[in-house]
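Dear colleague,

Please find below the sequence and structure that I am handing over to you. My notes on what was found follow directly after.

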Amino acid sequence: MPKIVVNSDLASAEIYLHGAHVTHFQPRGAAPLLFVSKASVFREGKPIRGGIPLVFPWFGPHESHPEAPPHGFARLREWQIESCESRTDDSVRLVLALSSDESTLQQWPHAFSLRLVVLVSNGLDMTLEVKNTTNADFTFEEAMHTYFAVSDVRSITIDGLAGVEYLDRADNGTRKKQGGAAIHIASETDRLYLNTTGRVTIHDPTMRRTIFVEKESSNATVVWNPWIEKARAMADLGDGQWIPMVCVETANARDCAVTLGPGHTHRMTSRIGVAG
Ligand code: BG6
């Protein structure tokens, strides 16, 4: 599958046209930030397991069409390269695009155009632009479903979500409130935190690093790890592969879905990197 490979003085990165999917980001002198499953398939019609899948225009299973692809079709389509530019500050800026066509309109009856702007620097900046090209409002969900590489999910802590209300997707979507302490993952975790715009950090004492996730125009954050049983049922995750990963997703979903007027554009940004 075609991919763009970036090697600059600041970082290296790889982006597949399939799904405009970033599978690799590594600042110079640091370990890779992203996890990709050893058992991932790289095939038309299938999402890549790991990296940064783009979720659009619905999050999770489709509400009324269970046969529709989970997390929408954006991660399953081949995107076009709009531009690639190496800049004087050694960063690299890439723009990929995807527009509605007959097949997307069959699954979701709204015309749109998407652009993903990726800036590879010491950190990785990604902006997903959604333009409504119809003459009526539409409502969509979206996420940058980032899989971070960690030493062992059982030994990390996640900060930045204290006191935030969430939908516990591992408990039938029950509404709960996060306590005050840092999050420690010790079982299947699938939480959609609502109305939260702040920075989240993943502290990994074994790797001696803290990863940060900052965002703009994103009001939801998802934290996901499938744990033992769910992972076993996922053919593209592979044995024990739930251990070196955690997803912290920059999202707008459920209560935080976005309604966009005709001709309008919404831009959601996620910025990731190593703190300090
Ligand atoms: C998370 C969802 O964002 O993605 C989980 O909250 C889901 O419920 C996970 O299991 C992985 O989804 P998929 O479709 O890539 O297997």
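**The ligand and its surroundings**

In this predicted model, an oxygen atom of the ligand is 2.9 Å from an N or O atom in the side chain of Arg75. Glu249 places a side-chain N or O atom 2.8 Å from an oxygen atom of the ligand, and a polar side-chain atom of Arg169 is 3.1 Å from a ligand oxygen atom. Taken alone, the ligand exposes 390 Å², of which the protein buries 82%. The space that the ligand takes is the largest pocket.

The residues around the ligand are Arg49, Phe59, Pro70, His71, Arg75, His145, Arg169, Asp190, Val222, Trp224 and Glu249. Sorted by class, this shell holds 4 nonpolar, 2 polar and 5 charged residues.

**Salt bridges**

Side chains of opposite charge can pair when their charged atoms come close. The count of salt bridges in the model comes to 20. One of the residues around the ligand, Arg49, forms a salt bridge with Asp236, and their closest N and O atoms are 3.0 Å apart. Arg49 lies in the loop between strand S3 (21-27) and strand S4 (54-55), whereas Asp236 lies in the loop between helix H2 (227-232) and strand S19 (245-252), so this pair ties together parts that are 187 residues apart in sequence.

**Backbone features**

Most residues other than glycine have a negative phi, and most peptide bonds are trans. Two places in the backbone may be viewed against that background. Phe56 and Pro57 are joined by a cis peptide bond, with omega at about 0 degrees; Pro57 is found in the loop between S4 and strand S5 (80-86). Arg208, a residue other than glycine, has a positive phi near 50 degrees. Arg208 is placed in the loop between strand S16 (200-204) and strand S17 (209-216).

With kind regards

Key. Residues numbered from 1 in each chain as written. Predicted model: local features only at pLDDT ≥ 70, side-chain atom pairs only at ≥ 80, totals over all residues. Heavy atoms only, no water. Near = heavy atom within 4 Å. Polar contact = N/O pair within 3.5 Å; in protein donor to acceptor, adjacent residues only side chain to side chain. Areas by Shrake-Rupley, 256 points an atom, 1.4 Å probe, with all protein chains shown as cover. 1 Å grid on protein atoms, 1.4 Å probe; cavity = no way out; pocket = protein on both sides within 12 Å on 5 of 7 lines; lining within 4 Å. Sits in = over half its atoms within 2 Å of the grid points. Nonpolar A, V, L, I, M, F, W, Y, C, P; charged D, E, K, R; others polar. Salt bridge = Lys/Arg side-chain N within 4 Å of Asp/Glu carboxyl O. Helix = DSSP H or I, 4+ residues; strand = E, 2+ residues; numbered from the N terminus.
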